[in-house]
Amino acid sequence: MKTMSREEFEKQNLFGTGMENTAFAKFFVGQSFLNPLTKPEDGLFLANVTFEPGCRNNWHIHHAVKGGGQILVCTAGEGWYQEEGKEAVSLVPGTVIVIPAGVKHWHGAKKDSWFSHIAIEVSGEGCKTEWCEPVADEAYDRL
Ligand code: MN
């Protein structure tokens, strides 16, 4: 359900908002939050990522030599996912997005709602994320 209210959103956000995502702030427009759900040494790293209304990450690519990529499991609020050259896809709780390695994309909140997804790092060899340019305001505002 869309909401602009942080207090209302916290009731929906079952996997927790966590701390301000300072480590990756330079690759985001707006404020994001990170709540790790597992540790990397557990073998599969899961984190609930929360975006304030209008917040999105820059275009980026999850590179891998073998395997890799990312899976998004949408958990609260509403957001967008877009691959380069394709229409943006609306994200609601229950939406699952499989992002193959090597595909340029971005993900984030709608402009009128908080949003969270669990991000799953798919195991692979030589996994490395390449961060590119921000999503243009003109393109985002048209969504
Ligand atoms: Mn991604």
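A contact here means heavy atoms within 4.5 Å. With that in hand, Asn13 touches Asn48, Thr50, Thr75, Ala76 and Ser116, leaving aside residues up to four places away in sequence.

The model is predicted: local features need pLDDT of at least 70, side-chain atom pairs count only at pLDDT 80 or more, and totals for chains, interfaces and linings use all residues. Residues are numbered from 1 along each chain as its sequence is written, and side-chain values use heavy atoms, with hydrogens and water left out.

Back to Asn13. It sits in the loop between α1 (6-12) and β1 (19-20); helices (H or I, at least four residues) and strands (E, at least two) are DSSP runs, numbered from the N terminus. Asn13 counts as buried because its relative accessibility is 4%, and buried means under 20% relative accessible area, with a 1.4 Å probe and protein chains only.

Next, the metal. Which residues coordinate the manganese ion? They are His60 (NE2), His62 (NE2), Gln70 (OE1), His105 (NE2) and His107 (NE2), at 2.1 to 2.3 Å. Donors are N, O and S atoms within 2.8 Å of the metal (3.2 Å for Na, K and Ca); water is not among the atoms, so sites may look incomplete. Along the sequence, the donor residues follow the spacing H-x1-H-x7-Q-x34-H-x1-H. Gln70 belongs to strand β8 (residues 70-77) and His107 to strand β12 (residues 104-109), so this pair ties together parts that are 37 residues apart in sequence. Both Gln70 and His107 are buried.

That is the picture: a buried Asn13 in a loop, and a manganese ion with His and Gln donors.

Definitions and conventions
Buried means under 20% relative accessible area, exposed over 50%, partly exposed in between (1.4 Å probe, protein chains only).
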